[in-house]
Amino acid sequence: MTNNNSKIIILAAGEGTRLQPLTLEKPKCLIEIFEKKILEWQLDVFKHFNIDDISIVTGHLAEKINLQSSLTYFNNTDYNTTNMLETLFCAREKMEGSVIVVYGDIIFEKDVLKKLLESKDDYSIIVDKNWEDMWKIRFNNPLDDAESLMVDEENYLTNIGQKTSDLNEIQGQYIGLMKFQNNGLEFIKKKYDEAKAISKNNKNILNPNLDFKKSYMTDFLQYLIRNNAKLKAVYIKNGWLELDSMNDYKTYQTLMKSGTLSKFFRIQ
């Protein structure tokens, strides 16, 4: 496997309250699933592609994360009053060249990352077209958790991250894995600074219902779309899992025991 020039930024600052008691004494990314920590699953995939410039933004129980000396660490000291967007910008100095941003609570197969690495767009967003199968297992009503995601005829995002009760507004689900490169990174930094400056007047241009520092990543992605950024949907069909709650944890163990896990995630 040839060396890859992409950098990785893993966002692992959150408290993971829905995973208590598992997260009372360890951060979410260190929870074990199928005999490996979430972070170990991720690092093994990155290693397969010879990606070694890996940063992790810590917060909750940051001192517990010490898996690899080669990792670069950033700390979001305000992790309990901020959200993913602010966590990402704690690692701003790494936002050069080609950067893959990964949520710290997902595991994914090598093929998922391969598709992202191969994308040539300035903004590439992994989107699961088969999301509904997994959401039906995870939730009594998939629409309680699913968010809008719409694309145009060229598969560029036109809408992301809004609450919806209409399945027609969900053409896939954002999984928390994306790549920014070329002119994309400079534009992202510029638009972040611009949005932050505007929001100092007590008006969060990303999401009027929240303080700026609590803005969701999808709020920011939608803002980029509004500012004519071309966010490409890179499609997958399953091949990943999100560990967001104790229900998720128990559901995946059940799938493993029943031999049906491979429909959603193949242990490689």
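Reply: By class, 5 nonpolar, 3 polar and 4 charged residues make up the lining of the second largest pocket. Here Ala, Val, Leu, Ile, Met, Phe, Trp, Tyr, Cys and Pro count as nonpolar, Asp, Glu, Lys and Arg as charged, and the others, Gly among them, as polar. The model is predicted, so local features need pLDDT of at least 70 and side-chain atom pairs count only at pLDDT 80 or more, while totals for chains, interfaces and linings use all residues. Residues are numbered from 1 along each chain as its sequence is written, and side-chain values use heavy atoms, with hydrogens and water left out.

The volume of this pocket is about 200 Å³. On a 1 Å grid over the protein atoms alone, a pocket is an open set of points with protein on both sides within 12 Å along at least five of seven lines, a cavity is a set where a 1.4 Å probe fits but cannot get out, and lining residues have an atom within 4 Å of a point. Grid points are joined across faces, edges and corners, and the volume is the space filled by probe spheres set on the points.

The lining consists of Glu40, Leu43, Asp44, Phe46, Lys47, Asn50, Ile51, Asp52, Ile54, Leu67, Gln68 and Ser70. Helix α1 (residues 38-48) provides the largest share of it, 5 residues. Helices (H or I, at least four residues) and strands (E, at least two) are DSSP runs, numbered from the N terminus. The buried residues of α1 are Ile38, Leu39, Trp41, Gln42, Leu43, Val45 and Phe46; buried means under 20% relative accessible area, exposed over 50%, and partly exposed in between, with a 1.4 Å probe and protein chains only.

Strands β7 (106-108) and β13 (240-242) each contribute at least two lining residues. The classes here are 7 nonpolar, no polar and 2 charged residues.

Phe34, in the loop between β2 and β3 (36-37), has a positive phi near 55 degrees without being a glycine; at 11% relative accessibility Phe34 counts as buried. Asn182, in the loop between β11 (173-181) and α5 (183-199), also has a positive phi, about 55 degrees, but is partly exposed at 48%. The peptide bond from Gln20 to Pro21 is cis, with omega near 15 degrees. Pro21 lies in the loop between β1 (7-12) and β2 (32-33) and is exposed, with a relative accessible area of 56%. Pro21 and Met246 are 225 residues apart in sequence, yet their C-alpha atoms are 8.6 Å apart in space.

Finally, the disulfide count is 0, a disulfide being a pair of cysteine sulfur atoms within 2.5 Å. The sulfur of Cys29 has its closest cysteine sulfur in Cys90, 15 Å away and therefore too far for a bond. Cys29 is buried at 2% relative accessible area, whereas Cys90 is partly exposed at 28%.
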